[in-house]
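Hi everyone, thanks for making time.

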Amino acid sequence: MSALPVYRWRLAPDGYATRRQLRAQGLRPGGQDVAAQVERPRRRRGPLVAYLYRVDRAKPVRPMTPAKWAALDRANTARRTCPECRRDAGYVIPVSLGTCVPCAHPDPHGSEGSI
């Protein structure tokens, strides 16, 4: 296996892109191996590394099908549904709580509160 070319941060030649940069252009790596990497030095720690792919070998992003849109909608609905009260919380329920905020921290004074 040959070593990957390593470039300094912001000094990679044209024709290479990260996954995010490919996605912004409507592309995906398409099964190709990592072609190079860029490194950003940091003090007292190892460098930040970003992997680069060849733009000329990238393929177009596959379009979302109606079935994929439906599956994504169901997954997002499940993330918003409280497992305790079964209501749509209107936000993604934090994993740290496991339930919506009213179920996780019930009001001891009832819904009225004390005035």
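Let's start with a term: a residue is called buried under 20% relative accessible area, exposed over 50%, and partly exposed in between, using a 1.4 Å probe and protein chains only. With that in hand, Val6 at 46% relative accessibility counts as partly exposed.

A word on where this comes from. This is a predicted model, in which local features need pLDDT of at least 70 and side-chain atom pairs count only at pLDDT 80 or more, while totals for chains, interfaces and linings use all residues. Residues are numbered from 1 along each chain as its sequence is written, and side-chain values use heavy atoms, with hydrogens and water left out.

Now, the strands. Helices (H or I, at least four residues) and strands (E, at least two) are DSSP runs, numbered from the N terminus. Val6 sits in strand 1. If you look for Leu97, 91 residues away from Val6 along the chain, the C-alpha atoms of the two are separated by 43 Å.

Two strands pair if DSSP finds at least two bridges between them. By that rule, four strands form an open sheet in the order 1-4-5-2, and the pairing is mixed. Which strands are at the edges? They are strand 1 and strand 2, each of which pairs on one side only.

Let's cross the sheet in that order. Strand 1 pairs with strand 4, residues 36–42, in the parallel sense over three bridges. Here Tyr7 has Val38 of strand 4 as its bridge partner. Next, strand 4 pairs with strand 5 in the antiparallel sense, over six bridges. One example to click on is Gln37, whose bridge partner in strand 5 is Tyr51. These two strands make a hairpin with two residues between them, where Arg44 takes a positive phi near 60 degrees. Finally, strand 5 and strand 2 run antiparallel, joined by two bridges, and Ala17 has Tyr53 of strand 5 as its bridge partner.

Patches are made of residues with over 30% relative accessible area and no salt bridge, joining like charges within 9 Å and nonpolar side chains (Val, Leu, Ile, Met, Phe, Trp, Tyr) within 5 Å. The areas come from the Shrake-Rupley method with a 1.4 Å probe, and for residues only the protein chains shown count as cover.

Which residues make the nonpolar patch? Leu4, Val49 and Tyr51 do, over about 250 Å². Tyr51 belongs to strand 5, residues 45–54, and is partly exposed at 45% relative accessibility.

For charge, Lys and Arg count as positive and Asp and Glu as negative, with His and the chain ends not counted. The place of a charge is NZ of Lys, CZ of Arg, CG of Asp or CD of Glu. Arg10, Arg40, Arg42 and Arg45 gather in a positive surface patch. Arg10 lies in the loop between strand 1 (6–8) and strand 2 (16–17), and is exposed because its relative accessible area is 76%.

Last, salt bridges: a side-chain nitrogen of Lys or Arg within 4 Å of a carboxyl oxygen of Asp or Glu. How many are there? The count comes to two. Arg54 pairs with Asp56, with the closest N and O atoms 2.7 Å apart; Arg54 is partly exposed at 25%, whereas Asp56 is exposed at 56%. Asp88 and Arg80 meet at 3.4 Å, N to O. Both are partly exposed, Asp88 at 48% and Arg80 at 24%.
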